[in-house]
Amino acid sequence: ETYDVDGRTKVGSLSYALARSLPQLRPGDSYRVLFDNIVAAMAGRVPQAPQLEGDRDVIVFGNRLRAQAAYALVDTGVGNAAIIEAGTLLGVNAGSVVEFHPRGTADPGASTALARGTVSAATPLDARVDLEGAAPPDLSGSWAFVTRHAFGDLAARVKLSLNLDAAARSALEAAFSQSGLVRLVDEGADVVVIPGPDGLAAHALPERRLVAGGRAGVAPEAVARGVLDFARSLYLRRLNLDAPTLSARLELRRVELELDLLGRPTGCSQADWSAKASTSGVVRMTPGDAYRIRVVNDSERSLYVTLLDIMPDGSVSQLFPHADYAPGLTDVPARDAYEIPLCFTAEDMPGQETLKLFATVDPVDFSAIVQSRGTRGAGGADNLSPLEELWAASFAGTRAGIVAVPRGTAVTAEAQLLIERR
């Protein structure tokens, strides 16, 4: 409970916040905006953390979705600096450029920025932004939009062949200059772009896997988009979060697929977690094999978990939690294990599949970069959760080493599946 504006009448804290927040809405505002208003109204009044479930980008009291650019909340803003609630875990690194806009801004390109700045330091969960010019207005409650990413050593190194014609080279350089994901180099490249009899092509090194182009008439801009997808995949594969006091791991166990009388999958048997796991680091499976996953928290404190799936064809999905779940509902207690209550099956897609776990001491909301929702399980549902932009693509066999980011309050763990047809 809390007190109404008269200071005497007791009211429910959520009812109070909702009553205060609804009149602040503008036409077209979404439940995301309403929820942020509620959080702000409750702050400092009650020690409660409200939760929001469902599609937060639906217009309030409507049935239409509102396009929402990814943003981060502003934690604090003091003087010529601000702390935003997004860090290396979401691709915000030192050198990234940030704009601050009023709460509820859907498209920063159509709004006037309150302030601008550049990230000077970042941890996995937050970042410090040094602001331009004189001290800006109070930024508390505003939304921060990253208008240019900087990935430093995590950027993909791309070499442009000397045999490229001037027009193709100019188009590629222009496309890459708009993103911090790519760094042009002459040596030590992750990707090389070359002309050929089948058209412009980009190959991942050293195995020379085709990642873009390779067909007649392909435009340089299309090749650039493919290279940028590959660069995003490298960021994801190289991102290695570490913290001295945190430890988490993934465990997989084969199980039997359960079918109904018509041969349709309905679930799978229970996992025997007492059985010894494979020590090779790679679990070999054939399409249709069923398995279960559990997360083991070896730390002395609880951790919030998110599990991503990098498929052999390059797609990246959020397996757990479902994108509509509130981030604060997926914690694993200290020195405990949590079995994900889903049955998974190996798809008919030969190659290496990577399951990547992100475990953090505070909840992390991935919804801003989740494009569609769903969880893949043995029930046949195939509406995966491809992650927009940052986690847009990943390619089997393209690991080029692990690059560490600043030690902080998050850790990662991986499990490898090798899918082979019989």
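This is a predicted model: local features need pLDDT of at least 70, side-chain atom pairs count only at pLDDT 80 or more; totals for chains, interfaces and linings use all residues.

Trainee: Why is the link between Cys-268 and Cys-343 called a disulfide?
Mentor: The term asks for a pair of cysteine sulfur atoms within 2.5 Å. From S to S, Cys-268 and Cys-343 are 1.9 Å apart, so the pair qualifies. By this rule the count comes to one disulfide.

Trainee: What does the pair tie together?
Mentor: Cys-268 is in strand β17 (residues 265–268) and Cys-343 is in the loop between β23 (336–339) and β24 (344–345), so parts 75 residues apart in sequence are tied together. Strands here are DSSP runs of E with at least two residues, helices are runs of H or I with at least four residues, and both are numbered from the N terminus.

Trainee: Is Cys-268 buried or exposed?
Mentor: Buried means under 20% relative accessible area, exposed over 50%, and partly exposed in between (1.4 Å probe, protein chains only). Cys-268 has 5% relative accessibility, so Cys-268 counts as buried. Cys-343 is buried too, at 8%.

Trainee: What makes Arg-116 and Glu-99 a salt bridge?
Mentor: A salt bridge needs a side-chain nitrogen of Lys or Arg within 4 Å of a carboxyl oxygen of Asp or Glu. The closest N and O atoms of Arg-116 and Glu-99 are 3.0 Å apart, so the pair meets the rule. Arg-116 lies in strand β6 (residues 115–122) and Glu-99 in strand β5 (residues 97–101), so parts 17 residues apart in sequence are tied together.

Trainee: How exposed are Arg-116 and Glu-99?
Mentor: Arg-116 counts as partly exposed at 41% relative accessibility, whereas Glu-99 is buried at 14%.

Trainee: How do you know that Glu-251 and Arg-294 form a salt bridge?
Mentor: Their closest N and O atoms are 2.7 Å apart, so the pair passes the distance test. Glu-251 in strand β15 (residues 248–255) and Arg-294 in strand β19 (residues 290–297) are 43 residues apart.

Trainee: Why is Phe-61 called exposed?
Mentor: Phe-61 has a relative accessible area of 71%, so Phe-61 passes the exposed cut-off.

Key. Residues are numbered from 1 along each chain as its sequence is written. Side-chain values use heavy atoms; hydrogens and water are left out.
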